[in-house]
Amino acid sequence: MTTVDENRTTERTETSPERLLLPAVLLIEDDPNLGAMTAEMLAADYRTDWAQSVGDATRLMAGARYDALIVDRRLPDGDGLDLIRMLRGTGVTTPALILTALVEIDDIVEGLDAGANDYLTKPFHFVELEARLRALLRGFHAQANGVMVGDWLLKPDSNVIEDPDGRAVPLTDVETKLLAALATSPDHVFTREELLAGAFSPGSDLGAVDVYVSYVRGKTTRRIIDTVRGRGYRIGTPEG
C-alpha cells in the first residue's frame, strides 16, 4: 500500500499474483489511529484501500472495483450513510458494513434501511469484524450471477461463460480460472508468471498460459483477452 499525503488516503498497489486474487476491501474511517490499525490487520487477508472522507472514498471507487466496503458514519465531509444511499441509488450492490460509534437501535435500523448489509458498533473486536466480513462476502458471492467481461457474462462457479445473446459456452476449470484471474483487475497487465501462479496447477510451464489464452479466444472471441506486447495479457472488452 502507498499513502497519498495530500488527502491521507491509503491506496493499494498490489503486484504479487497471490495478492491480486484476494478480495478487495475499501475501509472508510477518519480516525487516523483506528484506520491505520484496521487497514493493517485487514491487509493480511484482503487487498485494502483506506479513505478518510466521503470524497476520498468516491474518488477511489471511481477507479477501482471492491468486493466489500467498511464505512464509518461521522466523516469530515458527510455521513457514511449518505454514501451508501448514493451507491444503492445508482445500482451499486457491493456489500457494505457500517462500523460506527452510533449504538442506538434507531441508528442501527436507519443504517440497515439505508442499504447497509451489516452494522457493527465501536468499540469492536477485530475477530468479529473479520467474521462479519467473511459472512458478507460469502452471501454476496453466492447471490452474484457472475462477472461481466464486456458483453459476456462469466459464471466461475459453473465453468460457463454466456455470450451477449445468453448462449452458454462451457469452459474447463483452467479456462475459467484464467478469465477470473484477469477479471479481478481489469486495468492490470498480468505477466505470464502471474497467470501461471494464479490459474494453473503446480508444475505447469509458461507456454501453457499462451495455449489456454488461445483456447479461450477460440471458444469466445479474440477480443476477450488483450495481448500487451512484451508484457503479458489483460482482460478485454468484447462486444458481441
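This is a predicted model: local features need pLDDT of at least 70, side-chain atom pairs count only at pLDDT 80 or more; totals for chains, interfaces and linings use all residues.
An unreviewed UniProt entry annotates residues 24-137 as "domain: Response regulatory". In the model, that span is 46% helix and 24% strand, and its end C-alpha atoms lie 10 Å apart.

Thr48 is a residue to look for in strand β4, which runs over residues 47-51. Is Thr48 buried or exposed? Thr48 has a relative accessible area of 1%, and because values under 20% count as buried, Thr48 is classed as buried.

The side chain of Glu162 meets the side chain of Lys155 in a polar contact of 2.8 Å. Apart from neighbours within four places in sequence, Glu162 is in contact with Asp151, Trp152, Leu153, Lys155, Arg167 and Ala168.

The next stop is a pair of helices. Two packed helices are described by the angle between their axes and the distance between the axes. For helix α7 (residues 173-184) and α9, the angle is about 90° and the axes are 10 Å apart. Helix α7 is therefore roughly perpendicular to α9. On the α7 side, the contact is made by Val174, Glu175, Leu178 and Leu179; on the α9 side, Tyr212, Val213, Tyr215, Val216 and Lys219 take part. Sorted by class, this contact has 7 nonpolar, no polar and 2 charged residues.

Lys219 deserves a look of its own. This residue lies in helix α9, which spans residues 207-219. With a relative accessible area of 34%, Lys219 is partly exposed, because that value falls between the 20% and 50% cut-offs. Which residues does Lys219 touch, not counting those up to four places away in sequence? They are Val169, Pro170, Leu171, Thr172 and Glu175. Leu171 is 48 residues from Lys219 along the chain, and the C-alpha atoms of the two are separated by 8.2 Å.

Two of these partners also pair with polar atoms of Lys219. The side chain of Glu175 makes a polar contact of 2.8 Å with the side chain of Lys219. The backbone oxygen of Pro170, in turn, lies 3.3 Å from a polar atom of the Lys219 side chain.

Technical notes. Residues are numbered from 1 along each chain as its sequence is written. Side-chain values use heavy atoms; hydrogens and water are left out. Helices (H or I, at least four residues) and strands (E, at least two) are DSSP runs, numbered from the N terminus. Buried means under 20% relative accessible area, exposed over 50%, partly exposed in between (1.4 Å probe, protein chains only). Contact means heavy atoms within 4.5 Å. A polar contact is a pair of N or O atoms within 3.5 Å; within protein, one must be able to donate a hydrogen and the other to accept it, and residues adjacent in sequence count only if both atoms are side-chain atoms. UniProt positions are given in the numbering used here, feature names are shortened, and annotations may be inferred rather than shown by experiment. Axes are lines fitted to C-alpha atoms, for helices over the stretch in contact, and angles run from 0 to 180 degrees between N-to-C directions. Angles under 35 degrees count as roughly parallel, over 145 as roughly antiparallel, 65 to 115 as roughly perpendicular and the rest as oblique. Ala, Val, Leu, Ile, Met, Phe, Trp, Tyr, Cys and Pro count as nonpolar, Asp, Glu, Lys and Arg as charged, and the others, Gly among them, as polar.
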